[in-house]
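This report describes the fold of one protein chain, beginning with a local detail and then turning to the overall architecture. The structure is shown below.

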Amino acid sequence: MNTNVNLLAPIGVMALLGAGFLLFVSALVMIQSLVVRKRARAKFVLLAMILIAGVYLAAIMIFSLVSHETVLARGQEKHFCEIDCHLAYSVINTRQSKTLGNPPATAQGTYTIVTIKTRFDETTISAGRGNGLLYPNSRVLTLVDERENKYSPSSEGQRALDAAQSSGKPLVTPLRPGESYTTELVFDLPADAKASTLLLNEGEWETHLVIGHENSPLHRKTQFQL
């Protein structure tokens, strides 16, 4: 299974919360020690905080360095770990157009429209989760061309496609176990550029601090071949 982590998500989240709690309590103890002029204790607590932060940072770097760059073929899925379940994403189609919508929006170069399928993998839920809706976290999409230039979605092209009601559902649409939907995303590439890969990852800032998450420093990515 291709995922956006190389450490089980619950473990990564618990490690982040645990390290954060220890640092928070240590900071309170250090402040109290300084107030009552216990400088030796404050120095000891500061060293403990540095050790905790250093061990946590080392763990992030270890999991990043042992990660692998992966490029998925058309239709292959990338699973996003949502603690107690997985959302699976795949690229199922790409197409190009100079204009989109009516009245038409015209690309500066050429619009590349990528169709992404989102599927709630019901085989990954815990026994007691039930059939409740899952609200996906925010997503960040980056298209890379054959020259390694990077592009974000085109807001103008996306508005035109949305207005024509042909873009499917937004990537953050909630869904129940077993459900799926498609989304079309628009990128405006120079006329001489050729789309190569698409990176789809999480947008929350705290994911950069989770051990084993592909957003963490130096962690290699799982991308889609276009």
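This is a predicted model: local features need pLDDT of at least 70, side-chain atom pairs count only at pLDDT 80 or more; totals for chains, interfaces and linings use all residues.

E148 belongs to the loop between β5 (139-145) and β6. With a relative accessible area of 61%, E148 is likewise exposed.

## Overall architecture

The chain contains 3 helices and 9 strands.

Along the principal axes, the C-alpha trace of the chain spans about 70 × 45 × 35 Å. Among contacts with a separation of 6 or more, 73% are between residues 24 or more positions apart.

## The open sheet

An open sheet is formed by 5 strands in the order β1-β9-β8-β5-β6, and its pairing is mixed. At its edges stand β1 (70-72) and β6 (150-151), each of which pairs on one side only. In general, strands of a sheet pair through backbone hydrogen bonds, in either a parallel or an antiparallel sense.

The pairing of β1 with strand β9 (residues 222-225) is parallel and comprises 3 bridges. Within this pair, V71 has Q223 of β9 as its bridge partner.

## The antiparallel pairs of β3

Strand β3 (residues 86-100) includes S90. Strand β2 (residues 78-81) pairs with β3 in the antiparallel sense through 4 bridges, and C81 has H86 of β3 as its bridge partner. Strand β4 (residues 105-121) is also antiparallel to β3, and 13 bridges join the two. In this second pairing, R95 stands opposite I113 of β4.

The hairpin of β3 and β4 has 4 residues between the strands, and G101 there adopts a positive phi near 80°. The peptide bond joining N102 and P103 is cis, with omega at about 5°. P103 itself is placed in the loop between β3 and β4.

Is S90 buried or exposed? S90 is buried, because its relative accessible area is 4% and the buried class lies under 20%. Leaving aside residues up to four places away in sequence, S90 touches G75, Q76, E77, T115, I116, K117 and F224.

## Surface and charge

Buried residues account for 42% of the 226 residues in the chain. The chain exposes about 12,200 Å², of which carbon and sulfur atoms supply 61%.

There are 21 positive and 19 negative side chains in the chain. The centres of these two sets are 10 Å apart.

Definitions and conventions: Residues are numbered from 1 along each chain as its sequence is written. Side-chain values use heavy atoms; hydrogens and water are left out. Buried means under 20% relative accessible area, exposed over 50%, partly exposed in between (1.4 Å probe, protein chains only). Contact means heavy atoms within 4.5 Å. Accessible areas come from the Shrake-Rupley method with a 1.4 Å probe; for residues, only the protein chains shown count as cover. Lys and Arg count as positive and Asp and Glu as negative; His and the chain ends are not counted. The place of a charge is taken as NZ of Lys, CZ of Arg, CG of Asp or CD of Glu. Two strands pair if DSSP finds at least two bridges between them.
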